[in-house]
Every structure is written in structure tokens, then in C-alpha cells.
Amino acid sequence: MDIIQLVIVGALGALAAMMANKGIAVFNDGLRPVIPEYLDKVIGKKELAATSFAVSFGLVIGFGIPVSLGASVILVHSILLMTDIIGTWTPEGKKGTIIAGIIGALWGIGITIGLQVVVDLFALMPVNFLDALGSVGTPIVVGFAVFPALAIAYQHGFKKGALTLGLSTLALVLVKRFGTITLASGTSFTLSAEGMSLLVGMVLMVGFAVRVKGEGTDNQNLVSIFVERVTRIKKNAVLLSLTGGLVAAATSLVIIAGDPISLNLMSEGKFGEAALAAFARGIGFIPLVFSTAIVTGVYSPSGTTFVFVIGLLLQGHPIFAFIAGAAVMFIEIMLLNSAAKGLDRFPGVREMGEHIRTAMNRVLEIALLIGGALASEQIAPGIGYFWLIGVYLLNQTAKKPLVNMAVGPVAAIVLGIIVNILYLLGLWAPVVAG
């Protein structure tokens, strides 16, 4: 592991934990509205810490780390959800902030090194199922292009969603068939069929949304009502910009990814497609991050997530990515007021954000479930599908079920461990289906 990589993730973990400790920024959208209640002394430190742990820890263990193992790239949730917990659990004051920074840095470095250690340990097992875990992300690479059609169906109805899916499918088929272009010099390059399919869907999605006009003033009213909280975010713009730069730099070095879709594309070296997927995700997060920021005075350490796009576009150039990522984060913060007015001018775009997030989550749930089934069947041929279906359905009956997106990866990892135990007991042959 390169020392520069460890410095970047260590600095990211430290800054994120310190900002969570000071109530400046937290990654978990569900925790953000709770921070003002703590700052206004409505709830105490113990209540804040308990809430932070409740909403974040399960996602770290059940979602962030298992998804990261499948691709050997760290899903940023594994770092920033934990720094939320670290920041809220450490004491108030300068001493507490320093402690949060130290623990946050150690966590960032530890998860980076630790992930590779786990990968190496898996490779030493008599039944190496790490290659099979790579199948968890296989359906994501193809399936992520479906989400614009689903988002359109949620927002504008089945017919427009079906039309979009049809045109996206047509683009996928045509580019797969005719997407290799040969230049006069003899050089050839191949267009990404999935990327072009996604692009068609996104153009239609934005096109349908901007046609919805209105005279709403909800976000403008929020800005006027919570002007002090917007000012509080702007006062911390430099610190937030540094964090945005670190996120972009870490992404450019392929250390972290902002979501499972771009993570799996990054692991396959498809950085252009990953950037496009991250850009679409960023569009979906603008209304959520901006609205909660305006209301709470608390931002996200990764902003509206466009810093991940910067890192992907500047892959392999961490210094430039840091500068550009910091600039993008700073611009985001300065545009809080103007963005609110723009969202009011195009209410369809504002509503589109919610539908994008919902559609992406649904696509990820299905893709990771299918991927988990494929991986499980490779690990234990003839048993894997049975195992995955059983785990998924039983999870629905649990008092504290795993989030649906985590079931596929977790089920495959657990099955791999069980298979190794059975092998050591002489009850399993060390064969993984290829």
C-alpha cells in the first residue's frame, strides 16, 4: 500500500470525524437532521451518539465492508459512516475534536490496510471464494443503465418509463453490434454499450423533468427561514472543501468509490462509465443534500457526491483531483441559495432527485441479490441458489433485518466461510465453479 494513499485516507478520516464532532458535516442523511437538535441542546451527547450508532453501524458492517470485499475497492460508506460514529461518540471541545481526528485517521488507514489483509486471508483459504465474490458486482455493470427508465416510470408513469427502457435497450444492442469504430489510421476504439444506454436514458429523464413547470417557492422559503444555518455552512466552506478534495484524490487513486455501481465499474477499469454513473447519482442527491443542508446547517463531507466524478475523470492524478474536488465542493456551498431558486423554477427536476435515488436503490437491490446468487452458486454449485433464496426470505422475518442491498454480498461471504469449515472437517471438496 502506497504511503500517499494512506496519508490521503488518513486525512479524510481525520477531517470527517472532526467535522462530525463539531456538527459541521455528517455523511448519513438520516443523522443530519438530528445534529441541530444536539447543537440547540434539545438532546444530549448520549442521545446523539446512540442515534448515530443505530443509523450507521449496521450499514458499515452489513453493507459497506461486504460490498468492498467483492471488488477490493472501498465503498466510501465504510469510512464516512464510521467517522460519523467516531465524531459523535468523542467528547465535546478541542480535546474531543483532536481525539476524533486521531481515531478517524486510524480508522481510515486501518480499513484501507485491513481490507487488503482480509483479501489476502481469503486467498489463503483452502477453498478460495474471493474470485467468486467478484460475481456479486457482475449484474450491476449491466443493470445500472436501467435506472433512468425506472425513475421516469415513478415520476411520469409506466408508458414513458417503458418507452425509455425500449430506447435504452435499442442503444445497448446497436452499440454492442456497431460500437467499434476504426479510424483512417487503423486505430480502433469501442464505445461502451452500457454507458451509451445510460446516456440515452439520462437525456430522456432530464428532458421529461424540465417540461414540468411551476411557481413553487418551497426551497426559496427554506433559504429565507434558515439563513443563519446556510451562513454557518458557508463559514466552514474551506474545511469542507478540503474534505471534498481528499475524496476526489482518494477516488482518483482507486482507493474509494461513492456507490456500488461506480465501484464495480472501477474494479473493471471502466472509469468513463463509472464517472457517468456517479454523475447521475450526483444529480439525484442535489435536492436531498441541499434541502437538508439549508434546513439543518449541516453539510455532507462528500457534498452532493460530484467530487467522486472529479476523481474518476482525473483517475491517476491525485493532486489535480484534489484541487478540482476542493473547487467543486466550494462552488457547491456558494451556490446553495441559487440552487434552491433553480430547483423551484423547475419543480420536475427537484422531484426527479427523489425518484433517481429510489430507482437506483431498487436497481442495486435486485442487481446485488442476483450477483449474490451467482457468487453463491459458484462457491457451492447446486446449493448456492437455495442458500441465497433462503437467507433473503428469512432476513425479511428478522427483528433487525439487513438492508436488502446487503443480503446478497453477506450471504455469499457467509457461505464461503461455511464451505471452508466443512472442507476442514472433511465434508467438502475444494472446488469452486468457474
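Student: What should I know before I start clicking on residues?

Tutor: It's a predicted model, so to speak: local features need pLDDT of at least 70, side-chain atom pairs count only at pLDDT 80 or more, and totals for chains, interfaces and linings use all residues. Residues are numbered from 1 along each chain as its sequence is written, and side-chain values use heavy atoms, with hydrogens and water left out.

Student: How many aromatic pairs are there?

Tutor: A pair of aromatic rings is described by the distance of the centres and the angle of the planes. Rings of Phe, Tyr and Trp (its six-membered ring) pair if their centres lie within 6.5 Å; planes under 30 degrees apart are stacked, over 60 edge-to-face, and the rest tilted. That rule gives two aromatic pairs. In one, the ring centres of phenylalanine 279 and phenylalanine 306 are 5.5 Å apart with planes at 55 degrees, so this pair is tilted.

Student: Which helices hold phenylalanine 279 and phenylalanine 306?

Tutor: Helices (H or I, at least four residues) and strands (E, at least two) are DSSP runs, numbered from the N terminus. Phenylalanine 279 is in helix 15 (residues 271-296) and phenylalanine 306 in helix 16 (residues 306-313), so the pair ties together parts 27 residues apart in sequence.

Student: Is phenylalanine 306 buried or exposed?

Tutor: Buried means under 20% relative accessible area, exposed over 50%, and partly exposed in between (1.4 Å probe, protein chains only). Phenylalanine 306 has 15%, so it's buried, while phenylalanine 279, at 37%, is partly exposed.

Student: What about phi for residues that aren't glycine?

Tutor: Most residues other than glycine have a negative phi. Threonine 305, not a glycine, has a positive phi of about 80 degrees. You'll find threonine 305 in the loop between helix 15 and helix 16, and at 4% relative accessibility it is buried. Valine 254 also isn't a glycine and has a positive phi, of about 60 degrees. Valine 254 sits in the loop between helix 13 (237-252) and strand 4 (256-257), partly exposed at 25% relative accessibility.

Student: Which residues of helix 20 are buried?

Tutor: Gly384, Leu388 and Asn395 are buried there. Down the axis of helix 20, the buried residues fall within an arc of 40 degrees (taken from the directions from the helix axis to the C-beta atoms), so they line one face of the helix. On the other side of helix 20, Phe386, Ile389, Leu393 and Leu394 are exposed.
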